[in-house]
Amino acid sequence: MIPISWYLILGAILFIIGGAGVLLRRNVLIVLMSLELMLNSVNINLIAFGYEMNDPRGQIMAIFIIAITAAEVAVALGILVALLRNKHTLEVDNLTIMKG
Amino acid sequence: MEQQFFILLALVAIGSGLLVVIARNPIHSALSLVACFVQIAALFVLLGSPFLAVIQIFVYVGAIMVLFLFVIMMLDVRKEAHTRFIQNGVMPTFLVLLALASELLLLLSQSSRLHAVMASQRVIVDEPTKHLSLSLFRDFLLPFEVASVILLVALIGAVVLARSEDRTESTQKTTEEAAK
């Protein structure tokens with residue numbers, strides 16, 4: 001039997017790796033992939049707590065997260081293709097149209 | 001036995017997660033992210049939610065990562081292979097990450113309330129998918145329908161975003177032809 005804290009520590013480690021990818025990489029595609037990794041680590045936490053508390057709501061929340069992530073990725077990649085067509089760059093340093 | 005499985009899956013997941021951030025080639029990042037997602041799906045099986053494991057493989061590996069690979073292979077992304085990481089502001093980023101990591105680990109190791117919550121009430125359920133579907137369609141029907149509407153909106157939005165320029169070009173062409 002695996003203690004739940006192992007799952008939580010794994011989720012924390014994956015979340016930090018994903019955060020490092022989001023903050024440190026220059027390529028927008030890899031920033032998006034690291035975002036997926038962060039969302040997945042949150043899913044691990046939710047399902048671990050749902051299993052531990054014997055409650056299906058953890059899994060339901062994870063299902064909704066997966067559905068919303070699919071929508072987000074479709075829109076984000078559409079924006080990315082349109083952006084690349086107009087600006088010919090994928091590096092986050094050069095994408096300062098909105099003065100961010 | 002379960003614990004050895006968990007350690008194996010967790011080590012491979014962390015290693016491939018690191019490879020996502022470190023790899024030079026975006027295709028290597030995408031493939032190692034696929035490996036990481038498969039490990040996480042196996043962890044979901046260990047957590048007694050086989051439906052989520054299947055959904056994870058179908059949606060993440062089968063749809064999202066294939067979409068990523070399509071976009072990577074359609075676009076030319078090889079020219080920036082020599083500058084992987086951001087140039088300025090690396091130190092503040094590391095400080096933020098270090099603060100986040102220490103906070104998370106302190107919370108997980110020291111918080112007595114969290115440990116009280118984590119006291120196990122584990123019951124082995126016969127048919128976890130049956131319980132999940134009953135709860136999903138009985139108590140969470142409205143969020144389910146809202147999620148389907150969000151997916152439809154995202155579908156239409158992605159098509160409009162990816163095709164917008166073609167349409168303006170074609171409308172310009174038709175107006176030019178009309179002018180001639």
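A residue is taken as buried if 20 or more other C-beta atoms, placed from the backbone, lie within 10 Å of its own. By this criterion, 18% of the 180 residues in chain B are buried. The model is predicted, so that local features need pLDDT of at least 70 and side-chain atom pairs count only at pLDDT 80 or more, while totals for chains, interfaces and linings use all residues. Residues are numbered from 1 along each chain as its sequence is written, and chains are lettered from A in the order in which they are written.

Chain B has 7 helices and 0 strands, helices being DSSP runs of H or I with at least four residues and strands runs of E with at least two, numbered from the N terminus. Of the contacts in chain B (C-beta atoms placed from the backbone, within 7 Å) between residues at least 6 apart in sequence, 53% join residues at least 24 apart.

Between the chains, 60 residues of chain A are in contact with 69 residues of chain B. On the chain A side, α1 (4-24), α2 (28-53) and α3 (57-87) each supply at least two residues, and α3(A) gives the largest share, 21 residues.

Methods
Two residues are in contact if their C-beta atoms, placed from the backbone, lie within 7 Å. A residue is buried if 20 or more other C-beta atoms lie within 10 Å of its own, exposed if 12 or fewer, and partly exposed in between; C-beta atoms are placed from the backbone.
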